[in-house]
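Okay, thanks for coming, everyone. I'll keep this short, so let me put the thing on the screen and we can go from there.

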Amino acid sequence: MKLDTPIGEFPGVGQVRQRALERLGLRTAEDLLRHFPRDYEDRTKLCTIAQAPEGESVCVRALVAETPRLSRIRKGLELTKVRVVDDFTSMTVTFFNQSYVKDALRPGESYVFYGKVEGYGRARQMTNPVFEREGAARFTGRIMPVYSLTHGISNNLLAGLTQRALEGCLEQVEETLPPALRQEHALAALPFSWQHIHFPGSFEELALARRRLIFEELFYLSCGLAFLNKRRGAESGPVFSPGPAEDFDALLPFSPTGAQRRAMAELAADTSSGRPMNRLLQGDVGSGKTAVAAYGAWLARKSGFQSALMAPTEILAHQHYTTLSSLLAPAGMKVALLTGSLKAAEKKKVYAALESGEIDLAVGTHALLSEGVVFSRLGLVVTDEQHRFGVEQRAALAAKAALRPHVLVMSATPIPRTLALIIYGDLDISVLDELPPGRTPVATYLVGEDKRQRMYGFVRKLVGEGRQAYIVCPMVEEGEEATAELKAVTAYAQQLQAQVFPDLRVAFVHGKMKAKEKEAVMASFAAGQVDVLVSTTVIEVGVDVPNAALMIVENAERFGLSQLHQLRGRVGRGKHQSYCVLISENKTPETLERLKVMTQTTDGFRISEEDLKARGPGDFFGKRQHGLPQLRISDLAGDMRVLKEAQQAAEELLRSDPALEQPENRRVLDQVRRLFAENPDIFN
């Protein structure tokens, strides 16, 4: 067997299993070895039936004392029961819908059963345990890997295939890290690490294997990011003259916060450096990102360049257009709006004015990427909400400039700084960690279903005072998921209108509606024509409605903390005290602890740290669009120390061999190329 042996050639893998394995990204033997376990079960603990602690998974060695009995309870439910004994006592083992067990367990033979033993004395029992004949154990008596699976692929099957791949290929695995680096950082060899990440002989061996694999992944990532930054540093960008900040301050209706001043200074330094700026501006909703973007556009115009700001929705583009027009008009700047819904004649006018250089700042949606859009001298590109735009869209807008323009990416998702360095590895980072003075924090409460009527009364009270409310649900239609208690937007909105608030104006909006329908509903809510808006998370990044003072989130346990924080940011934008009510019937201590964080702090960075601990970076970002690699084993919340060590090691290596050309570093370059396969041009 070789590392590139197709998975379809493994014994027991037919076409159906092959297709299922491909859904997991597993096509070759090497893919199996790189599909690391997500968890482990300690199956080394062997107990007698009598000693087995209740509710804890253990191995029990026992003799099958009788022929297993199969009974069909009803359609779709079969029970197989068998009595097993050891030297001291007996227990009943029950299997649900596993009729093969009747012939697999033979009376008079000893087996090792792994599972939870319940009950006391003679009433001890096990349900659906893993079992193997004593003396022929593969998956008991050891630390067992637990893999991410898909329909049709069991953990035992995947473990068996991985074991076969290790037996056939481990000798072919070649070391990729330079010997001196491995020695300096006390890293285990690669063959040892692959063997023990899947089937560790002990938890000490597992720790050694994990540390090696995490280090190398973060090391290769750091090398790749260094190549990205180096490539950017070699390019020429437009040069803006750093205008006096006081002149710009005079345009603002407020005094900038210290964080805004810091971000503006960083922006001015970048744009006057002669190389293209690539900066992430992150901060909570309301921290003043738009003012910093306006400063960039102001600097561009003073130096004879145009700017473009791209927003994910028409309604958000309108909002930015209104804010920026009123802010920049006193400086004599012309701001134009370009969206898909503009009439053809209006679009032509904007196109002509952009090409002639008459427009200083174009605010729009994806319409800015249209072929007809030609800039006279584009110098700055601002995109709002990075995770809504892929790298390609950013690049498409940047391609409309003669010189590579400066890029400012604004994100309202606060991300722990070290993690941001990885996720947005090609961007420098500015953080707005202060809110403008005078903003009242949103009061947040976590309540159960028993408080629902009181909550409805509170909605009515606030609407009576002239305020508006959001109610957010995790589902769109009944039947999308067969969990009755989850509130479905359309049905819930109709029920509220008919039974709860017949005298109020209730509307709904969700992601499956057409863009124009969604925007029409949001516009009428913003105009005060709707009292209660029932919605999915489409309003997470949405229009600014200062009059909305209440955010209610149904089934709050279904959302990540960062998402809840984003939703909460939709209220508290006006002069009135605002409220956020999280409704959850979930009584699990971990869930309640997680949700209580929302009631204790409004600091987005603390919330994102908690979110990361609870859910890991994969869930934290959802679908990744930035072209940077997906990490296979590193847990960025828990592996910060290793990350720093790996970053330092990468810096030292690249200082001595910037292009990784020396023979002992060639394999490092190969691994960096593999990790950045979706972004190959970083090496050009």
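Predicted model: local features only at pLDDT ≥ 70, side-chain atom pairs only at ≥ 80, totals over all residues.

Two packed helices are described by the angle between their axes and the distance between the axes. Here the pair is H9, residues 258–271, and H10, residues 289–302: their axes come within 10 Å and cross at roughly 30°. Angles under 35 degrees count as roughly parallel, and H9 and H10 are therefore roughly parallel to each other. As for the hand, the crossing of H9 and H10 is right-handed.

Who is touching whom? On the H9 side we have Gln 260, Ala 263, Met 264, Leu 267, Ala 268 and Thr 271, and they meet Ala 291, Val 292, Tyr 295, Gly 296 and Leu 299 of H10. Sort the H9–H10 contact by class and you get 8 nonpolar residues, 3 polar ones and no charged ones.

Okay, on to the loops. Ala 186 has a phi near 50°, which is positive, and this is not a glycine. You'll find Ala 186 in the loop between helix H5 (179–184) and helix H6 (190–198). Is Ala 186 buried or exposed? Its relative accessibility is 60%, so Ala 186 counts as exposed.

Now Asn 555: again a residue other than glycine with a positive phi, here near 45°. Asn 555 sits in the loop that runs from strand S22 (548–553) to helix H18 (561–568). With 9% relative accessibility, Asn 555 counts as buried.

Technical notes: Residues numbered from 1 in each chain as written. Heavy atoms only, no water. Axes fitted to C-alpha atoms, helices over the stretch in contact; angles between N-to-C directions. Helix = DSSP H or I, 4+ residues; strand = E, 2+ residues; numbered from the N terminus. Parallel < 35°, antiparallel > 145°, perpendicular 65-115°, else oblique. Left-handed = near helix turned anticlockwise from the far one by under 90°. Contact = heavy atoms within 4.5 Å. Nonpolar A, V, L, I, M, F, W, Y, C, P; charged D, E, K, R; others polar. Buried < 20%, exposed > 50% of the residue type's maximum accessible area, 1.4 Å probe, protein only.
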